[in-house]
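Subject: The two-chain model, with notes

Hi,

Here is the structure I promised to pass on.

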Amino acid sequence: MRVGAVTFPGTLDDSDTLRAIAASGAEAVPLWHGDADLKQVDAVVLPGGFSYGDYLRAGAIARFAPVMGEVVDAARKGLPVLGICNGFQVLCEAGLLPGALLRNSELHFVCRDQWLKVENNTTPWTSRYDAGAEIIIPLKNQDGRFTASQSTVDELEGEGRVVFRYVGGNPNGSVNHIAGISDATGRIVGLMPHPEHAIDALTGPSDDGLGMFLSLLDQVVSA
Amino acid sequence: MARVVVDVMPKPEILDPQGQAVARALPRLGFTGVSDVRQGKHFELEVDDSVDDATLDKIAEGFLSNPVVEDFVVRRVQS
């Protein structure tokens, strides 16, 4: 199985994302923002960072990168896509996920280990977790406050598309403590915290994040 | 050539912590009587006469603003 991770100018977490993909047992494939080529990958991860300096809005310019045209087309045909932090912001700006990520309500850059509840373990990215499991992975961002219209929030909640929720306090004022969501199919998932930084207890607060990458592998092996 | 101004503001129902922080700072600086501040973005575009209003709206709606959380106003001004 080949899993790609996109590098935009200003992406920070591509190396850790590729490392996490490899640690799960998949082949990690670097993808470049300027190449309209997904290199026959079976899934794509948009890593965190500050693509294009977050100028204009976080993710607003990255969505127009040549590689994103391919990602959007493939995602609409069913390619699993995971957006982490800035990648989540890019997916929202690209219209693959609803809502938007705004400045943290306390205006601080938040950097800490964060407990999350897995609200939906039926997506290709979360099937390794028990329903309702609580995991701890790093959170580090300035624009993490998930916001959407009330009707969109109702839809997300009603359809089980809130995938992760903050527990132990809301770090950024996101609506309904939402940390991560999916599209209607469940194949496109975005979250603000960083599973790729928590794949090994030596270098992270836990190895809880590896489950997201292992989940994807299960999905393809069983398909 | 003409100058076009695009103002982008957070929608009224969207929490604007940056504007609130500015509003809270004003009394500390000795300025009283300002009850609320909303912070947005102001763009100035120099455009050819061939660029029509529909195109400007597309630029403002599809790129300069995020319609999920922001409103925009496009104005042509004297350059």
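Below are my notes on the cores, the interface and the salt bridges.

This is a predicted model, in which local features need pLDDT of at least 70 and side-chain atom pairs count only at pLDDT 80 or more, while totals for chains, interfaces and linings use all residues. Residues are numbered from 1 along each chain as its sequence is written, chains are lettered from A and ligands numbered from 1 in the order in which they are written, and side-chain values use heavy atoms, leaving out hydrogens and water.

Cores first. A nonpolar core here is a set of buried Ala, Val, Leu, Ile, Met, Phe, Trp, Tyr and Cys residues joined through side-chain atoms within 4.5 Å; buried means under 20% relative accessible area, exposed over 50%, and partly exposed in between (1.4 Å probe, protein chains only). The largest one has 69 residues, and L38(A), V44(A), M68(A), F164(A) and M212(A) have the most contacts inside it. A second, separate core of ten residues includes L45(B), V47(B), L56(B) and L64(B).

Now the interface. Contact (heavy atoms within 4.5 Å) links 15 residues of chain B with 16 residues of chain A. The two chains bury about 1200 Å² between them, 66% of it on carbon and sulfur atoms; this is the accessible area (1.4 Å probe) lost on putting the two parts together, summed over both. P17(B), F63(B) and N66(B) supply 39% of the area that chain B buries against chain A, more than any other three residues.

On to salt bridges, defined as a side-chain nitrogen of Lys or Arg within 4 Å of a carboxyl oxygen of Asp or Glu. The count over all chains is 16, and one lies across the interface of chain B and chain A. The side chains of R57(A) and E70(B) meet in a salt bridge at 3.9 Å, N to O.

Within chain A, K140(A) pairs with D13(A) at 3.0 Å. K140(A) is in strand β7 (134–141) and D13(A) in the loop between β1 (2–7) and α1 (14–24), so this bridge ties together parts 127 residues apart in sequence. (Helices, H or I of at least four residues, and strands, E of at least two, are DSSP runs numbered from the N terminus.) D13(A) is buried at 4% relative accessibility, whereas K140(A) is partly exposed at 21%.

In chain B, R3(B) and E46(B) form a salt bridge at 2.7 Å.

Happy to talk it over!

Best wishes
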